[in-house]
Amino acid sequence: MKTSFSRVATVVALALAVVAPAAHAQAKEGSFVVRLRALHLDSANKDTTGLGLSINNKTFPELDISYFITPNIAAELILTYPQKHTLYSNGNEIGTLKHLPPTLTVQYHLPMGDFRPYAGLGLNATNFSDVQFSPAVVSALHPNVKRMSYGAAAQIGADYAIGGGWLLNFDVKKVQIKTKVYSGTTEAGTFKVDPLLVSVGFGKRF
């Protein structure tokens, strides 16, 4: 019995010797990560109105803030400023709109030394604002769109530690964004942006 107890104690002591430095290193890294990324939005442009609606793709800056609840699980809030898009019908410009798409995801991070891949799932709430149509379109259709959209978000990405708490980051997200389109008070169909968001940038852990 004493021999078995001694063996168990030895194994536990060795495990603690391995885990303790890693836990200490995680604690020293801090719980917050702030990233600034260049993001490219590639819209799916799925339209059921029969008008061939689409918006332009574009690249713009994105800020995100992550909080590590545990060494492996983090919540990330993804922010930007309202993005202005040109709205097309069958390739012809018919107006403009802005959308603000804050997104919250919960991620699982897999530490692999300096390389730290992750995957996340979350929710997106998009506000469409400053919707403007050309005078001819207004006269013919009296169009409008629903101003709020709620949908799921999924992401994969990776951080690479480059020293001093600084990180290189690569991230890909797929987000559900859609709006109902109206002609007067009649619903004409649904326009889905559903963008693929590809971004690269730098981060700092605090």
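What is the mean pLDDT of the protein, and what share of its residues reach 70 or more?

## Model and confidence

The mean pLDDT (the predictor's confidence in each residue, from 0 to 100) is 89, and 86% of the residues reach 70 or more. Residues 1-5 have pLDDT below 50 and zero contacts (heavy atoms within 4.5 Å) beyond near neighbours in sequence. Residues 11-27 are also below 50, with three such contacts in the model. Where pLDDT is low, the predicted coordinates should not be read in detail.

This is a predicted model, in which local features need pLDDT of at least 70 and side-chain atom pairs count only at pLDDT 80 or more, while totals for chains, interfaces and linings use all residues. Residues are numbered from 1 along each chain as its sequence is written, and side-chain values use heavy atoms, leaving out hydrogens and water.

Strands here are DSSP runs (E, at least two residues) numbered from the N terminus; two strands pair if DSSP finds at least two bridges between them. Strand E1 covers residues 32-42. Its covered face holds Val33, Arg35, Arg37, Leu39 and Leu41, and its uncovered face includes Phe32 and His40.

E1 pairs antiparallel with E4 (residues 58-68) over 10 bridges, and Phe32 stands opposite Tyr67 in E4. E1 also pairs antiparallel with E15 (residues 196-205) over 10 bridges, where Val198 is the bridge partner of His40.

## A four-strand open sheet

An open sheet of four strands runs in the order E2-E14-E13-E10, with antiparallel pairing. E2 (46-47) and E10 (143-145) stand at the edges with a single partner strand each, so one side of each has no neighbour in the sheet.

Between E13 (residues 178-183) and E14 (residues 186-192) there are six bridges. One of the residues in these strands, Thr179, has Phe191 in E14 as its bridge partner.

Methods. Buried means under 20% relative accessible area, exposed over 50%, partly exposed in between (1.4 Å probe, protein chains only).
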